[in-house]
Amino acid sequence: MSTPRLERSIRAITLFTIGCLLAALVALPLPQAYAQSSAIARIQATGKLTVAVFFEDVVPFFYVGPEGKLVGVDPAIAEDIAEKLGVTLEYNRAATTFDGLIDEVVEGRADMAISLLSDTLERAARASFSESYVSVRQFLLINRLQLGRLVAADPDRANDIPALLNNPQSRIGVIDGTSYVGFVAEDFPEAQNVAFNTWAEMLAAVKSGDLVALMYDEIEIGNWRLADSAGAVELRPYHLAGHPDTIAIALPPGQTDLKAWVDLYLTKAKTNGFLEGVLNEYLYSKDRALIDG
């Protein structure tokens, strides 16, 4: 038969053991499932989704509309994502290069970047990317006079524009900090890759003949065509087939729940017609169509 003293000792030992077990459980790392769900939980807890967008407007993907509000393909997607998460939307336009958008996401100043962002392998080594939501074609904008000189010097390649331009005398312009820096190096390894800070500077250089051509996407070159219909007398658009520029949403690495959610969102946006409607409203139109010539 137990004595009162023995019973007290047993209770004390039992309570001590339970306390030690509880302390050990508290000290254990959080379960993986909880850690994975923390990204969406954090966004919803703060009540705000911060989306990184390039600091300058790029029509028709993101630009300030007549009412002073950011509109275009990317803001339409960002607004819909925020609405479906049940939070407000805030834009971060600190990035002055497209690579800088990755910095904003990776360093925690934005929850995601939706900003005509190419999902290159180099960027994917730093951030996670959603599935692509649109693909834009790559174009050269070629100075016709400079092209004529190249053809005169090498008439056998007159019908092969990329081969004609791939020589040490060719200066091809590209915007610094964009995926096109790598595209020019890949497609024209023998040519001189000339980086510019702005589209206006690069366009002026190709018009003056300082560049034989510039490389960019159909968006910016389509904008040029709309703004300068007579410019085709001086400059020739040329479609570079083979590897279209896929555009996706950049997300912080390791936030697997957020990436899975965004991928599912884009899948549904494609099947329910939302994404098609946005692209038809802002991107695809006859006046933006580009052809070689």
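A: Start with axes. They are lines fitted to C-alpha atoms, for helices over the stretch in contact, and angles run from 0 to 180 degrees between N-to-C directions. Helices (H or I, at least four residues) and strands (E, at least two) are DSSP runs, numbered from the N terminus. This is a predicted model: local features need pLDDT of at least 70, side-chain atom pairs count only at pLDDT 80 or more, and totals for chains, interfaces and linings use all residues. Residues are numbered from 1 along each chain as its sequence is written, and side-chain values use heavy atoms, without hydrogens and water.

Q: How many helices and strands are in the protein chain?
A: The protein chain has 13 helices and twelve strands.

Q: At what angle do the axes of helix 10 and helix 11 cross?
A: At roughly 65°, and the axes come within 13 Å. Angles under 35 degrees count as roughly parallel, over 145 as roughly antiparallel, 65 to 115 as roughly perpendicular and the rest as oblique. Helix 10 and helix 11 are therefore roughly perpendicular.

Q: Which residues meet there, from helix 10 and helix 11?
A: Contact means heavy atoms within 4.5 Å. Trp 199, Leu 203 and Lys 207 of helix 10 meet Glu 220, Ile 221 and Trp 224 of helix 11.

Q: Why is helix 11 largely enclosed by the rest of the structure?
A: Buried means under 20% relative accessible area, exposed over 50%, partly exposed in between (1.4 Å probe, protein chains only). Seven of the ten residues of helix 11 (residues 218–227) are buried, so the rest of the structure largely encloses it. Among the buried ones are Ile 219, Gly 222 and Trp 224. Across the protein chain, buried residues make up 43% of the 293 residues.
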